[in-house]
Amino acid sequence: MAHREIRAVFPMFPIPPPASLRLPFALLLAAVARAGVPEPFNTESARTSPMPAAEAAAKMQLPDGFRATVFAAEPDVRQPIAMALDARGRLWVAECYTYAEAAAGYALQLRDRLLIFEDTDGDGRFDRRTVFSESLQRLTSVELGFGGVWVTAPPNLLFIPDRDGDDRPDGEPEVRLDGFDFATARHNMVNGMRWGPDGWLYGRHGILATSFVGAPGTPPERRTSVNVGIWRYHPTRRIFEIVCDGTTNPWGLDWNEVGDAFFINTVIGHLWQAIPGAHFRRMFGDDPNPHVYRSIDQHADHFHWDTREVWSDVRQLGVTATSSQAGGGHAHTGLMFYLGDNWPADYRGKLFTINFHGRRLNVENVARHGSGYTGRREPDFAPQADPWFRGLDLLAGPDGGVFVSDWSDTGECHDSDGVHRQSGRIYKITHGQPVRPAMGDLARLGDAELLPLLRSGNEWFARAARKQIQERAARGADLHATRAALRQMVLAGGDVVFALRALWSLHAAGGADAAFLRAQLGHGSEYVRAWAIRLLLDDPAAIDAETPAAFARLARTEPSAHVRLALVSGLQRLPLNERAAIARPLLARAEDAADHNLPLMLWYGLEALAEKTPEALVDFAAGCEIPLPRELIARRLGEDVERRPAPLNALLALAAPKPAAFQRDILTGLGDALAGWRRAPKPAAWDAARAVFAKTDEARVRELSAVFGDGRALDDLRALALDAARDLAMRRAALRSLIDARADGLRALCEKLFAVRGLTATAADGLALEADPAIADRMLARFRGLPPAEKAPVLNALLTRPAWAAKLLDAIAAGKIPRPELTAFHARQIRGFRDAALDAKLVDVWGAFRDSPADKTALIAQWKGRLTPAALAGANLSKGRALFTQACAACHRLYGEGASLGPDLTGSGRAELDYLLQNLADPGAVVAKDYQLSFLTMKDGRVLSGMIRSRNENIVVLQTLTETLNLPASDVARSETLPVSLMPDGLLGAFDETQVRDLIGYLMSPGPPAGAK
């Protein structure tokens, strides 16, 4: 079934089929249930086949002494999307058969599986295989711990209990989190869980959709929005939070030996240090925080592809010679710091990632640089001979060997050519003959037996032992002796890695209290000091009064930029009134001015003060010796010149006697704040300061004086709007000023900027001022390639003119634009033109549309009188969500939750009361063709009912109330589609007035959405 974003509010509820058809329909459901889940099928279009697994392993180009074995291959494993290791060293593999391919979406007639593989004789090949679960869908990652199995299966983070460890679920999966988008996200969906040193479960999320995440039942205002970056979840405190924002589509995550996290990415840079609170460069779009202004770039000094190419060229050109020489391509999956004890010492501590298109492993030497790290390229590793190799995950095991999962497909990473579901491999790369550890089950070891594992030369044992300690603490075990021993290990000195492992384990055991951690702020290792800061801030609700004061003292004296980064990162976890004393001495550290991370991380920790205490930013600027925060302070205060001019006046007065470099930063920031403005109110301090500032930057002063006086010249705004080096917010503001001024040459400018991601919506507004039908043709030609967020504004522009609306309908009829892009809200806009020919075309192309009869019109008017703004303000959104779950979610999705039988309501016109009442009171008034009820009479006598999603000469795809059926067209004797909605009349009469208020209030809620649990 193709999942598409469909914005409409109807049909909301199923109606039963006609009486004569009810029995066959019921029998059909029973027959399907008996038939079970179909075997995974291929839609991959390649005419070749994957190289036999043994041959592919033999032909890997490995350095001397290494060997690759086929740990598992099809049919024993297929579609291996993720891996994890349990306390017995067994490999768990997530198989994702339902993965969304570009043309068809998710294959929801299939089910995903969790498998357990065990190599009992240590020969590098499995000899025992167990199916743990085969009832999941959209399965993207797996981890083990706390008496069960953790999986991401959007929209949910699930915990599957297996507390007796018998490899059979103890019951149904528990939904720990919901709200992860999958319909829009597709291959950018939530994925990749790993346990961090701090005991949190970390995961990743891509850029194509925004998810609204929370525990089931979390109200909208308390949900966390996630777009792209790294998140984490605490398994016992059940807290979800964002670690860092930005990049494109992270698909690999690991920690180095001292516990600093890194993740891998595509297109805009591959290597990123996951600094808590960071905002990283994004492939497209704006940061969720409009006051971030600038973002941190990748932590590598190179790219793995020829950046003179367009990233999507790989689809047509393949991996070119220059990209191959650079490393193989822009797309990366899997990330592993090799910290095992089997490979030669030269490999220890190196970062490995799979180059997806280059079919090899890229290697990085991740070395300290300033406050963080820089990845430097090393020779590539393990080039693959199999053209079907599509590696996804890397994992080092108990014997130091490395598992490499292979999706085994030919497509580009978006699977635009289908999915080959019947292939898949797990290879294992070892050096020499690995020593098979005599480990058994770590869960059965005593506490005293776990502690020596923290000193293992294989990081796997240290991590596994730490997790066992954390699980025992969570169960309430007596760990008094363990905590005492771990404290001694932290304090003993010597190897800092062992000290850190002991510190993390002590924290996991609940023995790292605030006083002990504060004492470690004076530890001899910068890495221990940094981790003491992070762990003191691990639970913001538990921060005591002494901790911020200790941080302030450390900020004044700390010699390590790495520790200062931990302090700066921690600012965002502290109350606003505790940040100043810590930030002020850090802002005075001129040696950090050129650091890759610190200047922007300082700003991210301070910008929240602007709303409540903007005068604090002026105070920070006074002693700031780092240029970038000064500049951004000026920009933030300059943006508020209309609303709150006093802080800007204070900043200008402060800057007047300062050195030229200080003045230049203030002028630059103020210029950026007003870059898109044509005219702004003049600050009271401007006239006195301008003469002094003119000596520093006369051109900038002249430009600002124009904005504060008669207004900026339109030519300057035009240049700014076209300047690709300026940020999108400035360019949008400039373009908006030009549109408002109806500037000469506006059409040509808007046509040019329409193609710029982030400016498309604004440019469409400008183009809508012209009546030329050719403009509509250009918009429609580019529509399919627009990001989802910019399609709705473009549609609105197209529907401002009848002639353009006609062209839109023609494009839908021709299949150039998917019909579901046009919602009921848009259909009503077209009806508003009162054009008979246009109405006829609408019915023909889109679906039945009629005016409501008099009784329905009266009912709508009655409810509109009751549901006043004051009444809706009292709506209980939690109860409204429950009503939605009860009555609507069987067919509809809202905020990422619910079913897809009916349209997705999230992006519809539900903010309008008239629109909602029309669809609830008279659902049959508007019925899109994709949601009209169809009846298929099969040649074998069955009658199936549902909605036809697609059909061709071979297959009819029918969506029923419970599943998607792919039916051979030759088996269909007769097909009838009725222009009726599945949603019945009379719904408003089924609820009392309070319930209707709550349901409508929930449907209209503009805030972060709640789950439907």
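**Serine 135 and its setting**

Leaving aside residues up to four places away in sequence, serine 135 touches Arg111 and Asp112. The model examined here is a predicted one. Serine 135 belongs to strand S5, which covers residues 128-136. Is serine 135 buried or exposed? Its relative accessibility is 53%, and because exposed means over 50%, serine 135 counts as exposed. The chain also brings leucine 110 into this picture: it is 25 residues from serine 135 in sequence, while the two C-alpha atoms are 8.8 Å apart in space.

The wider protein gives this part its context. The protein has 1013 residues, of which 59% count as buried. Its secondary structure comes to 35 helices and 35 strands. Among contacts between residues at least 6 apart in sequence, 66% join residues at least 24 apart.

Most residues other than glycine have a negative phi, and most peptide bonds are trans. Threonine 247 has a phi near 85°, a positive value in a residue other than glycine. Threonine 247 lies in strand S15, residues 240-247, and at 0% relative accessibility it counts as buried. Valine 267 likewise is not a glycine, yet has a positive phi of about 65°. Its place is the loop between strand S17 (261-264) and strand S18 (271-273). With a relative accessibility of 11%, valine 267 counts as buried.

Two peptide bonds deserve attention as well. A cis bond links glutamate 74 to proline 75, with omega about 10°. Proline 75 sits in the loop between strand S1 (66-73) and strand S2 (80-85). Another cis bond links proline 154 to proline 155, with omega about 15°. Proline 155 is placed in the loop between strand S7 (148-153) and strand S8 (156-161).

Two packed helices are described by the angle between their axes and the distance between the axes. Helix H20 (residues 686-694) and helix H21 (residues 698-708) pack at about 155°, with axes 8 Å apart. H20 and H21 are therefore roughly antiparallel to each other, and their crossing is left-handed. In this contact, Trp686, Arg690, Phe693 and Ala694 of H20 meet Glu698, Val701, Leu704, Ser705 and Phe708 of H21. The residues of the contact divide into 6 nonpolar, 1 polar and 2 charged.

Helix H22 (residues 714-722) and helix H24 (residues 746-753) give another example: their axes come within 11 Å and cross at roughly 15°. That angle makes H22 roughly parallel to H24. H22 passes H24 in a left-handed crossing. On the side of H22, Arg718, Ala721 and Leu722 take part, and they meet Leu749, Lys752 and Leu753 of H24. This contact comprises 4 nonpolar residues, no polar ones and 2 charged ones.

To return to the part requested, serine 135 is an exposed residue of strand S5, and its contacts with Arg111 and Asp112 are the ones found when residues up to four places away in sequence are not counted.

Methods: Residues are numbered from 1 along each chain as its sequence is written. This is a predicted model: local features need pLDDT of at least 70, side-chain atom pairs count only at pLDDT 80 or more; totals for chains, interfaces and linings use all residues. Side-chain values use heavy atoms; hydrogens and water are left out. Helices (H or I, at least four residues) and strands (E, at least two) are DSSP runs, numbered from the N terminus. Buried means under 20% relative accessible area, exposed over 50%, partly exposed in between (1.4 Å probe, protein chains only). Contact means heavy atoms within 4.5 Å. Axes are lines fitted to C-alpha atoms, for helices over the stretch in contact, and angles run from 0 to 180 degrees between N-to-C directions. Angles under 35 degrees count as roughly parallel, over 145 as roughly antiparallel, 65 to 115 as roughly perpendicular and the rest as oblique. A crossing is left-handed if the near helix is turned anticlockwise from the far one by less than a right angle, and right-handed if clockwise. Ala, Val, Leu, Ile, Met, Phe, Trp, Tyr, Cys and Pro count as nonpolar, Asp, Glu, Lys and Arg as charged, and the others, Gly among them, as polar.
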